[in-house]
Amino acid sequence: MTTAPVKAGWRFKQPSVIPGFGLTLGFSLAYLTLIILIPLSGLVWRSAALGWADFWAIAVDRRTLNALKISFGTALLAAVVNVVFGTIVAWVLVRYRFPGRRIADAMVDLPFALPTAVAGIALTTLYAPNGWIGQLLMPLGLKVAYTPIGIVVALVFIGLPFVVRTVQPIMEEIDKEVEEAAATLGASRFQIITRVLFPGLAPAIITGFSLAFARGVGEYGSVIFIAGNLPFKSEIAPLLIVIRLEEYNYEAATAIAAIMLALSFVMLLVVNLVQTWSRKRYG
Amino acid sequence: MEVRVVNVRKEFERFPALHDVSLDIRSGELIALLGPSGSGKTTLLRLIAGLERPTKGAIFFGDEDASQKSIQERNVGFVFQHYALFRHMTVADNIGFGLKVRHGAARPSGQEIRRRALELLDLVQLSGLEKRYPAQLSGGQRQRVALARAMAIEPKVLLLDEPFGALDAQVRRELRRWLREIHDRTGHTTVFVTHDQEEALELADRVVVMSQGRIEQVGTADDIYDTPNSPFVYSFIGESSSLPVKVENGEVWIADRPIGLSAPHAPSGEAILHFRPHDVDLVDGCSGCIAGTVAASRRVAGTRRVELEIGGERQRVEIELPVDHPAAQKSRVAFRPRRWKLFPAS
C-alpha cells in the first residue's frame with residue numbers, strides 16, 4: 001500500500017463511482033447559506049449598525065467581560081472534565097462485558113434527549129444547599145448550586161455524550177493485538193496506555209473536546225436554573241443576551257452575540273488545527 | 001534458549017483447547033506448529049508467550065519456570081498475523097519501542113536505540129524506510145518491520161503466529177526463504193504457527209502436527225511425510241487415499257480377494273489402508289492387486305489424477321499417473337501401493 005504521488009495543486013472534482021458532485025455541492029452550499037450563513041451575517045450586520053465606538057463600549061463593559069469569562073471558562077473546564085471521564089466511560093463500555101452494559105450505554109445519550117431545562121431543574125434540586133447532594137457538600141464548605149461550579153456541573157452533564165460518542169467508535173477499532181505486542185516488548189500497563197493507546201485516540205478525544213466545549217459555550221436552558229444568575233458572578237453570556245433582548249436593546253444583544261461568535265470561531269479553528277496536526281502525526 | 005512445555009492443559013470457560021500437551025524445543029531450533037484451525041496451535045504459542053495462562057502444567061525457559069512470570073518479564077518476541085504495528089509511530093520508532101520502554105540502566109541511550117533500529121532494518125532488508133509510517137508499507141514490508149521489532153529486545157524465543165497468513169502466495173514464498181536465512185544467521189529459538197503444510201515442511205527443522213488440542217506427531221519433514229503415525233497425520237499431510245480392508249492371516253484383503261500386501265504383524269480384522277496416490281505401481285494381470293473402474297480422470301499440473309471405483313461397494317480412491325501413461329485411457333486400472341500403512345478401523 002504505497003501512497004500514490006500527489007500532483008501539485010488539487011483537483012476540483014474527484015472521479016467516483018457515484019456521480020453527483022455538482023448537485024451535492026450545490027445543495028450543501030445552498031443549505032449552509034440558508035441555515036447558518038444568512039442568520040449569522042444578519043447578526044453581524046445588525047451589530048455593525050451600532051457603530052464602532054458603541055460596539056467597543058459594550059465589548060469592554062465589565063458585565064459583558066465577566067459574562068464571557070464565565071461562559072468560556074466554565075465551558076472549557078467542563079470540556080476538560082468530560083474528556084477525562086468521558087474517555088473512561090467509553091473505555092468501560094467498549095472493553096468490558098457486564099450486566100446492564102447496554103442500559104449504561106443507552107444512558108449516555110440521555111443528556112441529548114432530555115430538555116435542558118429539565119436537566120437544569122433536576123441538577124439544581126440535587127445540588128441546592130438543601131438537596132440530596134448539596135447538603136452533603138455543604139458541611140465541606142462547597143456550594144455548588146448558584147455558583148460557577150454549578151454551571152460546570154450542568155455543562156458536564158450536557159457535554160458528556162459528545163465525548164463518549166466520538167471516542168467510542170475509535171476505541172472499538174483498537175486492535176487488542178497491538179496492546180499484546182506492546183506487552184511482549186516489555187511495556188508496562190501504564191506505558192501501553194500512554195504510548196500506544198492514547199496517541200491513537202488523541203484525534204477523537206480532541207474532536208469530543210471541541211464538541212463538548214462548543215455545546216457548553218452556547219448552553220442556556222440548563223445553566224440558568226442552576227447558576228443563580230448573579231451579574232459578575234454567575235451570569236453567563238447567553239443569559240446576558242436574553243436580558244438585553246428583554247430590555248429591547250437589540251444592538252447590545254447582537255454585539256455580545258457577535259463577540260461570542262468570533263471567540264467561538266477562533267477557538268474551534270485552533271482546535272481544528274491541533275487536530276489536523278495530531279492526525280497527521282498519529283494518522 | 002530451550003523451551004519445555006510440560007503437561008500443559010488449557011481451558012477456555014470449561015472448554016478444553018489443549019489437553020495435556022508436552023513438547024521439548026531445542027535451543028536454536030526452528031519449529032513449526034501445524035494443524036487445522038481449532039487444533040490449539042495458536043493457543044500453545046500464546047501460552048509460551050504468556051499471553052494466556054495454562055490451566056494446568058508449566059512452561060520452562062531453560063531451567064526457569066516461565067509460567068510464573070508476566071508477559072513483560074518473559075522477554076519473548078511475538079509476531080502477529082496482522083502485524084500489530086503501532087500505526088502512529090515511524091518504522092524506526094516501532095522497532096525501537098521495546099528498548100525505549102525499558103527503565104533505568106537497562107534502557108540504552110536514544111542514539112544507541114536508533115543505531116539498533118537501523119541495524120535491524122538493514123537485517124530485514126528495509127534500509128531507508130525508517131521514516132515511513134506502517135500505513136505507507138506493503139503487507140510484506142510490515143511483517144518484516146514486525147519481526148525486526150520483535151528481535152530488537154533480543155528475545156529468548158521468537159514466536160510467530162501465522163506470520164505469512166495475510167500475505168499473497170508469492171510474497172509468502174519469498175518471506176519464507178528469507179525467514180530461514182534470518183534464522184540461520186541469528187540463531188534465535190523460533191516457534192511459528194501455520195496451517196500451511198508446505199510452509200511447515202519446507203521451513204522448519206521439526207514439525208509439530210496438532211489436532212483437536214493434542215499433539216499428533218513431532219518430527220522432521222521426512223518423518224512426518226514418510227512415516228505418519230496416525231490416520232490424521234496421513235490424511236492431513238500431503239495427499240492420501242484410504243480404503244477399508246480386512247486383515248486375515250497376515251494378508252490384506254479387499255472384499256474376498258487378497259491384494260498382494262502382506263502385513264505379518266497386523267492383528268486380524270477390519271482395518272483402513274492408507275497410501276499416497278503417487279506411490280503406486282500399476283500392474284497388468286490382476287492376481288493380488290487393487291483393481292477398479294475409472295470414474296474420473298483429471299490433469300493436475302505435471303501428473304494425471306485418476307479416480308477409481310473399487311469393488312462392489314464402489315469405494316473411491318485416487319491414484320496419480322504420469323501424463324502420458326496409457327492406463328489413463330483404459331476403463332479398468334489395477335495397481336498396488338508401493339508404500340502403505342494400516343490403521344485399525346475406528
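Asn229(A) is partly exposed, because its C-beta neighbours inside 10 Å number 17, which falls between the limits of 12 or fewer for exposed and 20 or more for buried. The model is predicted.

**The loop between H11 and H12**

Asn229(A) sits in the loop that joins helix H11 (221-227) to helix H12 (237-246) of chain A. Its phi is near 55°, a positive value in a residue other than glycine. Phe232(A) lies in the loop between H11 and H12 of chain A too. Phe232(A) is not a glycine, yet its phi is positive, at about 70°. How many other C-beta atoms lie within 10 Å of Phe232(A)? There are 12, so Phe232(A) counts as exposed, the cut-off being 12 or fewer.

| Residue | Phi | C-beta atoms within 10 Å | Class |
|---|---|---|---|
| Asn229(A) | near 55° | 17 | partly exposed |
| Phe232(A) | about 70° | 12 | exposed |

**Chain A as a whole**

Chain A has 13 helices and zero strands. Along the principal axes, the C-alpha atoms of chain A fill a box of roughly 65 × 55 × 30 Å. Chain A has 283 residues, and 32% of them count as buried. Among contacts in chain A with a separation of 6 or more, 78% join residues 24 or more positions apart.

**Where chain B meets chain A**

The interface pairs 22 residues of chain B with 21 residues of chain A. Which elements of chain B each supply at least two residues to the side that touches chain A? They are helix H2 (71-74), strand S6 (76-79) and helix H3 (91-100). By class, this side of chain B has 13 nonpolar, six polar and three charged residues.

**A helix pair in chain B**

Helix H4 (residues 110-123) of chain B packs against helix H5 (residues 139-152) of chain B. Their axes are 9 Å apart, and the angle is about 135°. The crossing of H4(B) past H5(B) is right-handed.

On the H4(B) side, the contact uses Arg116(B), Ala117(B), Leu120(B), Leu121(B) and Leu123(B). H5(B) brings Ala148(B), Met151(B) and Ala152(B). By class, the contact of H4(B) with H5(B) has seven nonpolar, no polar and one charged residues.

Terms used: Residues numbered from 1 in each chain as written. Chains lettered and ligands numbered in written order. Predicted model: local features only at pLDDT ≥ 70, side-chain atom pairs only at ≥ 80, totals over all residues. Helix = DSSP H or I, 4+ residues; strand = E, 2+ residues; numbered from the N terminus. Contact = placed C-beta atoms within 7 Å. Nonpolar A, V, L, I, M, F, W, Y, C, P; charged D, E, K, R; others polar. Axes fitted to C-alpha atoms, helices over the stretch in contact; angles between N-to-C directions. Left-handed = near helix turned anticlockwise from the far one by under 90°.
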